[in-house]
Amino acid sequence: MNQSFDALIIGAGQAGPSLAGRLTAAGWKVALVERKNFGGTCVNTGCTPTKALIASAKAAHTVHKAAQYGLAPQAPFKADLGPVQARKDAIVQASREGLEKWLRHMPGCTVVTGTARFLSATTMQVGNEVLEAKHIFLNVGGRPASRPLPGIEQVPYLTSSTILALQELPAHLIIVGAGAVGLEFAQMFRRLGSEVTIVERNPRLLPHDDEDVAAAVQDILTSEGITLRLGAECISLALEDGQPVVHVSCAEDASPSRGSHLLLAMGRQLNTDDLGLEKAGLIADAHGYVPVDDELQTAVPGIWALGDCNGRGAYTHTAYNDFEIVAANLLDHDPRRVSDRLPVSAIYLDPPFAKVGLTEAEVRAAGTPALVGKRPMTKVGRAVEKGETLGFMKVLVHAETDQILGASIVGVGGDEAIHCIITAMYARQTAAFMRRNVFIHPTVAELIPTVFGELKPLA
Ligand SMILES: Cc1cc2nc3c(=O)[nH]c(=O)nc-3n(C[C@H](O)[C@H](O)[C@H](O)COP(=O)(O)OP(=O)(O)OC[C@H]3O[C@@H](n4cnc5c(N)ncnc54)[C@H](O)[C@@H]3O)c2cc1C
Ligand SMILES: NC(=O)c1ccc[n+]([C@@H]2O[C@H](COP(=O)([O-])OP(=O)(O)OC[C@H]3O[C@@H](n4cnc5c(N)ncnc54)[C@H](O)[C@@H]3O)[C@@H](O)[C@H]2O)c1
């Protein structure tokens, strides 16, 4: 059956549903196609479930540390994973169902279930239906990547998606890959009671971030008894006595890591591989991204790509901002651009690592005359009171213009406190401006004006 619409939106992830809301409110006739779970990765297998599990892990950790707070020491325990997963599942389900209900009741929006594939630049097939529109918005996201590690076909392994269904706590979880996924699951499972080993091919953590950041994150992990095997070359997998084994070196004497469960956390594969892009005249790049311009239009007029699949961001906030950019340009005559966006992100360790703008290494590499301010969390009153003094905050400022170039906070509350710096940077404000802010005592953020008052030349 053929149906015509003003717009097809492929994927109910972090951009598609909101775009459907704006387009239908403007009178467009929209079809939104989703093949699996409403809310996509973030709601079902990404942000929401992991942050819910991290909250349980934090509670377990606080119980473990009772004696540090002057409370009766608690005997070591392992969490019962079933109820922990059930709590998480309830949060995910509420979010997914709320979104689906909203879309199904949205006037002007037809929800179609199935996988959409291009037949031409203006038509897509979903099952037996052919949907036609002059505007097509791809919001297809990605899935855990499977890498061709030697031995992978012999070893059962978990991904960031399948681990969310695990009902029994792993005795020893080995994680290959120390990106955001690997780090967040490592601390979460360690706190719930598993032994955890991370195997990473890079010689240090977070190679795109500053060395002091990587060292602080490493301290957080090792202080909780997580084993790190960095610089692991020639990673290969095997099954020995029914247990997964990760060989970390080609050298014969390097001892392998043996565990009860294996999580592969080595990045994402984009869902652009089964879209039939070529039928629309589109070509994905070598990573599977659909190239877009600053307004998120692809090389084919009438087709846009939003969210993870365009390679311009890998976060929920970037996917949502993609929706805002497309809606602003199409409906509001507001020329918003991807290049207006500041790079911001957080890794939800406890304490978290949050950042905005340039790293110190990037500032140095650019040869920008700069000032740096840095304060350890041991000198942040609120952190001391909370008994959470790992990490630091660091800000970078242009030495001539006084403009803020970037900031990193590894420390308690850093994921929230960073936002005053983000806002100041969007307002193109200066260190002098930051110094005049009076923040609430006692907070972590209250020391941010102080850090901007202690700037020194970047040696
Ligand atoms: C474990 C984990 C934790 C994360 N934590 C965070 C976090 O804390 N903060 C953060 O900002 N980001 C986080 N992310 C990243 C975040 O989840 C993604 O950046 C975000 O979900 C991308 O949104 P999207 O809309 O581009 O795609 P997705 O959310 O992946 O949605 C794409 C949708 O398209 C559907 N689809 C795909 N192909 C088709 C097709 N051909 N036809 C029909 N439907 C199709 C899919 O089923 C899916 O529902 C995390 C990711 C993971 C894996
Ligand atoms: N807090 C957050 O915002 C958050 C949390 C989790 C995930 N995410 C997003 O999800 C996506 C996926 O995260 P991820 O951690 O899986 O990917 P990643 O790309 O960040 O990290 C993958 C890690 O695996 C290693 N690796 C890759 N291939 C390998 C190989 N063949 N052998 C050995 N090691 C290998 C890499 O060196 C890297 O350290 C990212 O875009 C990330 O930003 C975000």
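Where is proline 442 found? Proline 442 sits in the loop between helix H11 (431–435) and helix H12 (448–452). Histidine 441 and proline 442 are joined by a cis peptide bond, with omega at about -5°. Please keep in mind throughout that this is a predicted model.

Let us turn to the domains. The assignment divides the protein chain into domain 1 (2–143 + 269–340), domain 2 (152–266) and domain 3 (344–457). Between the C-alpha centres of domain 1 and domain 2 there is a distance of 28 Å. Where these two domains touch, 15 residues of domain 1 are in contact with 13 residues of domain 2. On the side of domain 1, helices H3 and H4 each supply at least two residues. H3 gives the most to this side, with seven residues. By class, the residues on this side of domain 1 are nine nonpolar, five polar and one charged.

H3 and H4 also meet one another. The axes of H3 and helix H4 (residues 81–104) come within 9 Å and cross at roughly 145°. The crossing of H3 past H4 is right-handed. Which residues of H3 and H4 make the contact? From H3 they are Thr48, Pro49, Ala52, Leu53 and Ser56, and from H4 they are Val84, Arg87, Lys88, Ile91, Val92 and Ser95. This contact has six nonpolar, three polar and two charged residues.

I now come to ligand 1. There are 36 residues around ligand 1, and those that come nearest are Gly11, Gly13, Gly40, Gly141 and Gly307. Several elements give two or more residues to this shell: strand E2 (30–34), helix H2 (40–44), helix H3 (47–64) and helix H7 (316–331). The shell around ligand 1 has 14 nonpolar, 18 polar and four charged residues.

Next, ligand 2. How many residues are around ligand 2? There are 23, of which Gly177, Gly179, Ala180, Val181 and Ala314 come nearest. Helix H5 (180–192) and strand E17 (344–347) are the elements that give two or more residues to the shell around ligand 2. H5 provides the largest share, four residues. The classes in this shell are 12 nonpolar, six polar and five charged. Why does ligand 2 lie between domain 2 and domain 3? Domain 2 (152–266) and domain 3 (344–457) both give residues to the shell around ligand 2, and it therefore lies between them.

One of the pairs links valine 176 with its bridge partner in E9, valine 199.

E17 and strand E18 (residues 353–357) pair in the antiparallel sense over four bridges. Together E17 and E18 form a hairpin with five residues between them. Alanine 346 has alanine 354, in E18, as its bridge partner.

Proline 351 lies in the loop between E17 and E18. A cis peptide bond joins aspartate 350 to proline 351, with omega at about 0°. As background, most peptide bonds are trans, and most residues other than glycine have a negative phi. Histidine 333 is not a glycine, yet has a positive phi of about 50°. Histidine 333 has its place in the loop between H7 and E17.

Thank you for your attention.

Methods. Residues are numbered from 1 along each chain as its sequence is written. Chains are lettered from A and ligands numbered from 1 in the order in which they are written. This is a predicted model: local features need pLDDT of at least 70, side-chain atom pairs count only at pLDDT 80 or more; totals for chains, interfaces and linings use all residues. A residue is near a molecule or strand if its C-beta atom, placed from the backbone, lies within 6 Å of it. Ala, Val, Leu, Ile, Met, Phe, Trp, Tyr, Cys and Pro count as nonpolar, Asp, Glu, Lys and Arg as charged, and the others, Gly among them, as polar. Axes are lines fitted to C-alpha atoms, for helices over the stretch in contact, and angles run from 0 to 180 degrees between N-to-C directions. A crossing is left-handed if the near helix is turned anticlockwise from the far one by less than a right angle, and right-handed if clockwise. Two residues are in contact if their C-beta atoms, placed from the backbone, lie within 7 Å. Domain bounds come from an automatic or database domain assignment. Two strands pair if DSSP finds at least two bridges between them.
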